[in-house]
Amino acid sequence: MAYRVLGRAGPAQPRRARRLLFAFTLSLSCTYLCYSLLCCCDDLGQSRLLGAPRCLRGPGAGGQKLLPKSRPCDPPGPTPSAPGAPSALAAAAAAASAPRLPAANHSGSARMGTKRLPQALIVGVKKGGTRAVLEFIRVHPDVRALGTEPHFFDRNYGRGLDWYRSLMPRTLESQITLEKTPSYFVTQEAPRRIFNMSRDTKLIVVVRNPVTRAISDYTQTLSKKPDIPTFEGLSFRNRTLGQVDVSWSAIRIGMYALHLESWLRYFPLAQIHFVSGERLITDPAGELGRVQDFLGIKRFITDKHFYFNKTKGFPCLRKTESSLLPRCLGKSKGRTHVQIDPEVIDQLREFYRPYNIKFYETVGQDFRWE
């Protein structure tokens, strides 16, 4: 009786066990298949079981945190559909692994420098020695100067500061940009215009005995216009009465104290440096040393840079590593002055005396022109 009971129940138990075993086996197979797909293949269906090492995915890999020992992924090869052309994934991988470059400097490379508005100006005076100061100071490695006279603050102001800047040489951050236009000193609008550009601009004024300066000015004009009146005729409205014609520019430029008043309305005296045209000839290194101090740069230019040219009658620059020949100012410099009646010279000295004294007192220097 017991056998029959077991015989009836026997067939149901193996079927239930087989179903449970089949379900368990199926579940395990699916789990293994999913695990294989996740762990053994990359995004392109390539097997990692073939010995390919794991790699560091770029930003396009879902932003997952990766093992620190992983290496950057090599960019995949070209796709079959476009032979030789990198795929989007390859471009992304290359971009991710490429080094970042610094932003471009559109105003000039770091090596070449940039064009800047000048921090210093040689504003005067004509026939005082401005060209010599410019050529001498250009020897300094921390100074870059415009060779020509732009006449921006007197004749070309309407062109604008961008035009003015475009004329300047390229300079590094450590260098000073400099330009020279001697007519600025006697231009009424120049101080205000320069102040509007930058109130920190440093100003250099090269002055010379006003009588000698006037004769030099006349000598230069005579070389270009041989038919002009005599120096005596241009200097006086009435020579007998000693009335000097201050409307003649050669005379008016030498009234330094008068012109300086316009500059002191905008710039403190400490921001203006005066160079002696006479000492520039007898002691160029000393005068350039003070110019370098004023500009706040090292005293690089010294006695070793100069020699005295007896033919021209003024100092010249010795040859340097970058120049095979000594550098002297051009033929227009050092002309022999026109001979002037000594009485005319004495009259002009008397005329300039009060202006000179006031100038000495204002700038705190005695230039000994009397």
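**Close-ups of a predicted model**

**View 1. Histidine 151 counts as buried.** Look for histidine 151 in the loop between β5 and α5 (161-167). Its backbone is worth a glance too: phi is positive, about 50 degrees, even though histidine 151 is not a glycine. Most residues other than glycine have a negative phi.

**View 2. Arginine 368 also has a positive phi.** Here phi comes to about 55 degrees, again at a residue that is not a glycine. Arginine 368 sits in the segment after α13 (342-363). Is arginine 368 buried or exposed? With 69% relative accessibility, arginine 368 counts as exposed.

**View 3. Five strands make an open, parallel sheet.** Reading across, the order is β5-β7-β4-β8-β11. The edges belong to β5 (143-145) and β11 (272-276); each has a single partner strand, so one side of each has no neighbour in the sheet. On average, neighbouring strands are turned by 25 degrees against each other, direction ignored. Helix α4 (residues 130-137) packs on this sheet and touches β4 (120-124), β5, β7 (176-180), β8 and β11. The direction of α4 makes about 160 degrees with that of β7.

**View 4. Strand β8 pairs with β11.** How many bridges join β8 (residues 202-207) to β11? There are five, and the two strands run parallel. Within this stretch, leucine 203 stands opposite isoleucine 272 in β11.

**View 5. Aspartate 200 lies in the loop between α6 (190-197) and β8.** Aspartate 200 is exposed, with a relative accessible area of 59%. Leaving aside residues up to four places away in sequence, aspartate 200 touches Gln119 and Gln271. The C-alpha atoms of aspartate 200 and alanine 120 are separated by 8.8 Å, although these residues are 80 apart along the chain.

**View 6. A cis peptide bond joins glycine 124 and valine 125.** Omega is about -5 degrees here, whereas most peptide bonds are trans. Valine 125 is found in the loop between β4 and α4.

**View 7. Zooming back out, the protein has 13 helices and 13 strands.** Of its 370 residues, 36% count as buried. Among contacts between residues at least 6 apart in sequence, 66% join residues at least 24 apart. The protein exposes about 23,100 Å², with carbon and sulfur atoms supplying 56% of that area.

Notes. Residues are numbered from 1 along each chain as its sequence is written. This is a predicted model: local features need pLDDT of at least 70, side-chain atom pairs count only at pLDDT 80 or more; totals for chains, interfaces and linings use all residues. Side-chain values use heavy atoms; hydrogens and water are left out. Helices (H or I, at least four residues) and strands (E, at least two) are DSSP runs, numbered from the N terminus. Buried means under 20% relative accessible area, exposed over 50%, partly exposed in between (1.4 Å probe, protein chains only). Contact means heavy atoms within 4.5 Å. Accessible areas come from the Shrake-Rupley method with a 1.4 Å probe; for residues, only the protein chains shown count as cover. Two strands pair if DSSP finds at least two bridges between them. Axes are lines fitted to C-alpha atoms, for helices over the stretch in contact, and angles run from 0 to 180 degrees between N-to-C directions.
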